[in-house]
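I opened the model to go through its domains, sheets, helix packing and a few backbone angles. My notes follow in the order of looking.

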Number of protein chains: 2
Amino acid sequence: MKCEQDFVNFLEKLKSYNSSIIKGIGDDCSVLKFSNKSKYVFTTDTSLLGPHFTRDYSPEDIGYKCLATNISDIAAMGCEPLYAMYALTLPKMSESWLKRFYKGSQRLLKKHKISIVGGDTTKGPLSITIQMIGIQKHRILMRSGAKLGDDIYVSGTIGNARAALLSRKNPTSFNYFKKYLINPTPRVNLGLEISKFASSCIDISDGLAKDLKNIVTSSNKGFKVDIDKIPLRTKFNQYISNKNIEECILGGGEDYELCFTASKKNINNINDISNRLKIKITKIGCITSEGYNYYKDGKAYKVKTKGYDHFRNK
Amino acid sequence: MKCEQDFVNFLEKLKSYNSSIIKGIGDDCSVLKFSNKSKYVFTTDTSLLGPHFTRDYSPEDIGYKCLATNISDIAAMGCEPLYAMYALTLPKMSESWLKRFYKGSQRLLKKHKISIVGGDTTKGPLSITIQMIGIQKHRILMRSGAKLGDDIYVSGTIGNARAALLSRKNPTSFNYFKKYLINPTPRVNLGLEISKFASSCIDISDGLAKDLKNIVTSSNKGFKVDIDKIPLRTKFNQYISNKNIEECILGGGEDYELCFTASKKNINNINDISNRLKIKITKIGCITSEGYNYYKDGKAYKVKTKGYDHFRNK
């Protein structure tokens, strides 16, 4: 669930009529309290031909990816996904397309035991809006909890989705990166584990630079990040030219890895989770009192990329 | 929340992983149980340029109508709307458009005390998907509870939205009908009142004939309806030609009135509710064991219209 800042500013002015809203606009999910026991998180994401998938995606790929992006929002809140509702706008009603679309979704529905509880169908240009509901298991992670001196971590490797997009004309390179673009893995188990202690979390969907900024803006802090520490796949530098590296690892969105902050005392715990879940977790910097400070080769580095903006990027 | 039958059939085959799902696919809303106390209802609806609004709708009109259709789904379940999430696909991000769009929504948000709890923005052809969450107050109404011998009622007057569409070239006639097309009134209070005793309910969004069929198919029954009893606005016959009447009152969707069934003993109660809420409620027929039987001028009448189908209608 990502709104451009204009829309967030706009929505934040709206009146809330209900005291059970723990968090409304401005995080990966909204948080609602339905009973004394548990809080639930809600997210909605639209996937369109163009910004989210291209004509060469199979119906299976579309079914997988538009569900994965919603699950990733739930993972970023440290919660467990439960229910999905599908609002499909389709150029025509094709049972075979739906079957293949669903087959792509099914891998994730099964893995995470998510039930589809409703839907709406409309005729028009292909567009898929999924609403997802998740439940709190431990603590709920927000963007706003980062504390001065906390370490900043990212899961997996960064920049692969944008690297795939930039490699479309080079089959060897594209093959090396494409599964990260087309079949990203939402980090649900990791989100649940770190929710026990992390101070803030976001999923990297609009590019690390923009998402880091989201964390520190919400937390009223700054950051210091060592670009050399951002984890890349082994052959990343072999396929991506120097001039495109920054765009891939800081600007490129759609990584769907988690970026989170935690106090220094959790280092052993984090190593243990990394070993247990077999997910690389890398410290890339720390929370400061203000500013967005990047370092490269030990020197301050000025970042040019702004991250993905639906209304400004092509 | 309306899916074409192909999609309903498809979704119904899906595995449910959660025992708190009271009703999944196939009603105006799905029903989920979050605590021992209350059940919640969920719906999602997409509104598009073309099938749902045209270029002459103002942003205020669009903001009003796409929210009204979602509220109407909650009303049809006899529940109270609580929260909305907006997934907006916009050709460009315009603050003034958003302000006007929201101004149109605001009338309904304020009237029903609905809080917007989340959103997503994407660049693309104008499309608005709203998800809405409502709460059970008394009983939850479904399509499936109609009993043999129950009376069939509709609220308000029928056929006005389609009459407006057919009158676009005749300003006097269009003015007479247009508010029913552009600013329909979701029947929340009526839904809450009848939820205490009604046996089934649906909102008339795809045309009375199709929605009546939905009730009796879900209830495994039939119906007998007297077309002459279907309530029309005073000047309806003055503006709509004989050949179009059936299409307006049985085929035309978007009335957003409630069609419900109740046992005969509730007649006084229904009259009392009608007086109290100042909403016309008319008995138009009764539930039979099978068949879709219409009468006109005391004789059996064969209905030609099939109701609105997003993938078959123009």
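**Entry 1. Helix pair in chain B.** I worked on a predicted model throughout. I began with α2(B) and α3(B), where α2(B) passes α3(B) in a right-handed crossing. Helix α2 covers residues 59-76 of chain B and helix α3 residues 95-112 of chain B; I read an angle of about 40° between them, with the axes 6 Å apart. I then listed the residues that make the contact. From α2(B) I noted B:Pro59, B:Glu60, B:Asp61, B:Ile62, B:Gly63, B:Tyr64, B:Leu67, B:Ala68 and B:Ile71. On the α3(B) side the list includes B:Trp97, B:Arg100, B:Phe101, B:Tyr102, B:Gly104, B:Arg107, B:Leu108 and B:His112. Sorted by class, this contact of α2(B) with α3(B) holds 10 nonpolar, 4 polar and 5 charged residues.

**Entry 2. Strand β6 of chain B.** I asked how many residues of β6(B) are buried. The count came to 10 of its 10 residues, for a strand that spans 127-136 and is mostly covered. I looked up its pairing next. Strand β3 (residues 39-48) of chain B runs antiparallel to β6(B), with 9 bridges between them. In that pairing I found B:Leu48 bridged to B:Ser127 of β6(B). Strand β4 (residues 79-90) of chain B is also antiparallel to β6(B), and is joined to it by 10 bridges. There, B:Pro81 has B:Gly134 of β6(B) as its bridge partner.

**Entry 3. Domains of chain A.** I took the bounds from the domain assignment, which gives domain 1 of chain A as 5-136 and domain 2 as 143-301. The C-alpha centres of these two domains of chain A are 23 Å apart. Across the boundary, 17 residues of domain 1 of chain A contact 17 residues of domain 2 of chain A. Which elements of domain 1 of chain A each supply at least two residues of the side that touches domain 2 of chain A? I found α2 and β4 (79-90) of chain A. Of that side, α2(A) gives the most, with 10 residues. By class, the side of domain 1 of chain A that touches domain 2 of chain A has 7 nonpolar, 4 polar and 6 charged residues. I also checked where α2(A), residues 59-76, lies: it is across β8 and β10 (258-262) of chain A, and it runs at about 175° to β8(A).

**Entry 4. The open sheet in chain A.** I traced 7 strands of chain A in the order β8-β10-β7-β11-β9-β12-β13, forming an open sheet with mixed pairing. The edges are β8 (200-203) and β13 (299-301) of chain A; each has a single partner strand, so one side of each has no neighbour in the sheet. On average, with direction ignored, neighbouring strands of this sheet are turned by 30° against each other.

I then followed β9(A), residues 222-226. It is antiparallel to strand β11 (residues 281-288) of chain A and joined to it by 4 bridges. A:Phe223 is bridged to A:Ile287 in β11(A). With strand β12 (residues 292-296) of chain A, β9(A) is parallel, again through 4 bridges. A:Lys224 stands opposite A:Asn293 of β12(A). Which residues of β9(A) lie on its covered face, and which on its uncovered one? I put A:Phe223 and A:Val225 on the covered face, and A:Gly222, A:Lys224 and A:Asp226 on the uncovered one.

**Entry 5. Positive phi in chain B.** I noted B:Glu254, which is not a glycine but has a positive phi of about 65°. B:Glu254 sits in the loop between α9 (242-251) and β10 (258-262) of chain B. Buried or exposed? B:Glu254 has 24 other C-beta atoms within 10 Å, so it counts as buried, the cut-off being 20 or more.

B:Lys278, also not a glycine, has a positive phi near 55°. I placed B:Lys278 in the loop between α10 (267-277) and β11 (281-288) of chain B. B:Lys278 has 6 C-beta neighbours inside 10 Å and so counts as exposed, for which the limit is 12 or fewer.

**Entry 6. Helix α9 of chain B.** Last, I looked up which residues of α9(B) are buried, and found B:Cys248, B:Ile249, B:Leu250 and B:Gly251. The elements that cover these buried residues include α4 (160-166) and α7 (208-219) of chain B.

Technical notes: Residues numbered from 1 in each chain as written. Chains lettered and ligands numbered in written order. Predicted model: local features only at pLDDT ≥ 70, side-chain atom pairs only at ≥ 80, totals over all residues. Axes fitted to C-alpha atoms, helices over the stretch in contact; angles between N-to-C directions. Left-handed = near helix turned anticlockwise from the far one by under 90°. Contact = placed C-beta atoms within 7 Å. Nonpolar A, V, L, I, M, F, W, Y, C, P; charged D, E, K, R; others polar. Pairing = 2+ DSSP bridges. Domains from an automatic or database assignment.
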